[in-house]
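Notebook open, structure loaded. I want to look up how the chains are built and how they meet.

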Amino acid sequence: MDILNQFGINPLLLAAQVVNFFILLFILKRFLYKPVLKVLEERKKKIEDSLKNAEEIERKLQETNEKIDRMMVKTADEIQKMHDEAKKDRDVLKEEGKAEAQQLALQIIKKGEEQAKAEREKMQEELMSHMAEFVVAGMEKVIGKVLNEKAQREIVEKGIKNLS
Amino acid sequence: MEHGIVLKPEILGYFKSLPITNTLLVSWMAMAVLTIVSIIATWRVKIIPSGLQNFAEAVIDWGYSTVEGLSGKKTKVFFPLVMTFFLFILTVNWMGLLPGFGTITYKGEPLFRSVNSDLNMTLGLALLSAFLTHFFAVKYLGIKNYLLKWVALNPIFLFVGILEIISEFTKIVSLSFRLFGNIFAGEVVLSTVSGIFAFVVPLPFYFLEIIVGFVQAAVFAMLTLVFMILLSEKHEAH
């Protein structure tokens, strides 16, 4: 055991070192390993939870977005429909107005025509009666005497016939 | 630098019959440093880390995942031991590089000396590592299975068992002398180079020693871990 002596081996020092190690082991376990490993574990759990939550949120967001999209499409459809209807209504109204106006115009024209016709007939009648008078007067002058009523009329009528 | 190349640690004084060597003093200092740092780092543990807590978490997480990758279910038991080996050896190795080591003297002896340049310290750690390894083997296998690892009726396996017992002793020797040799050699190199020219020239060797300090700490811790795992695993039936 000369070699051990040469290295200065002392059982007490060996023991001291072993004791040192155990003291250090205890201290580090208490103050370093335990709290640090605990907090590492805690953080790991927290991160896992957060990731899970984030996934959930993402999913919900997507759902909401889809819902909004669907609603927007629906609304757009409705607006389009309303617009179409409004256009149709307007066209119908336009057509109706046109037809009415046409009818009105036709009515006015017809009325005008009727009026004109009536006037003309009236004028003709008047003219006729005047002419009869003229004929009677002329006959009186020519014949010189007044025929009886019957003859008179016959003559007048004949005259008119000839005239016309 | 006349103290640079001495195998024995210098004795500063005696506490009753316990010799207080400069390496023992430094190992206490290293313990104090580790204690203070860990208390500060975990003073108010916050879920959102900052500063020293961040650093401690990074180190612990790295260590834990490394141990977990190798030992699986036994991580909870092995991790504190392996990590303590690693942190302690790393701290004393790097502390040994600080200025003042070997140069500040007390009663004619250097006050500080790199802990692992004293075989007492490395042998203490190696013995402890071996003891813990066998302790866990007994714990996980039961005393019967544990003994069956070494003794067998088959003469060939009996011989193998004897070889294995010898290898257990060589493990202790290799663990302790590897650490001691590396750090002691580093000390010698540093003091020699500093003796030749004290400015700038030793710098590359300091970088080298920083790496060596880390590597040796990692090697010691990893070997301890591997031995523990191997020995506490169920023996395959032959």
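Before counting anything, I note what counts: helices are DSSP runs of H or I with at least four residues, strands are E runs of at least two, and both are numbered from the N terminus. I also keep in mind that this is a predicted model.

**Entry 1: chain B, overall**

I started with the inventory. Chain B has six helices and four strands. Going along the sequence, I read the pattern of chain B as β-β-α-α-α-β-β-α-α-α. I then looked up the extent of the C-alpha trace of chain B, and along the principal axes the span is about 60 × 50 × 40 Å.

**Entry 2: a helix pair in chain B**

Next I picked α4(B) and α5(B). Two packed helices are described by the angle between their axes and the distance between the axes, so I looked up both. Helix α4 of chain B covers residues 119-148 and helix α5 of chain B covers residues 155-196. Their axes come within 8 Å and cross at roughly 145°. I noted the hand of the crossing of α4(B) and α5(B) as right-handed.

Who makes the contact? From α4(B) I listed L119(B), T122(B), L123(B), L125(B), A126(B), L127(B), S129(B), A130(B) and H134(B). From α5(B) come E168(B), I172(B), L175(B), S176(B), F177(B), L179(B) and F180(B). Sorted by class, the residues of this contact are eleven nonpolar, four polar and one charged.

**Entry 3: chain A against chain B**

Then I moved to the interface. I find 32 residues of chain A in contact with 47 residues of chain B. The area buried between the two chains is about 3600 Å², and carbon and sulfur atoms give 79% of that. Which three residues of chain A supply more of its buried area than any other three? They are F7(A), Q17(A) and F21(A), with 20% of the area that chain A buries against chain B.

E57(B) pairs with R43(A) in a salt bridge, and the closest N and O atoms are 2.8 Å apart.

Which elements of chain A give two or more residues to the side that touches chain B? I have α1 (2-6) and α2 (11-143) of chain A. Of the elements, α2(A) gives the most, with 26 residues. By class, I logged that side of chain A as 22 nonpolar, six polar and four charged residues.

Key: Residues numbered from 1 in each chain as written. Chains lettered and ligands numbered in written order. Predicted model: local features only at pLDDT ≥ 70, side-chain atom pairs only at ≥ 80, totals over all residues. Heavy atoms only, no water. Axes fitted to C-alpha atoms, helices over the stretch in contact; angles between N-to-C directions. Left-handed = near helix turned anticlockwise from the far one by under 90°. Contact = heavy atoms within 4.5 Å. Nonpolar A, V, L, I, M, F, W, Y, C, P; charged D, E, K, R; others polar. Buried area = accessible area lost by both parts, 1.4 Å probe. Salt bridge = Lys/Arg side-chain N within 4 Å of Asp/Glu carboxyl O.
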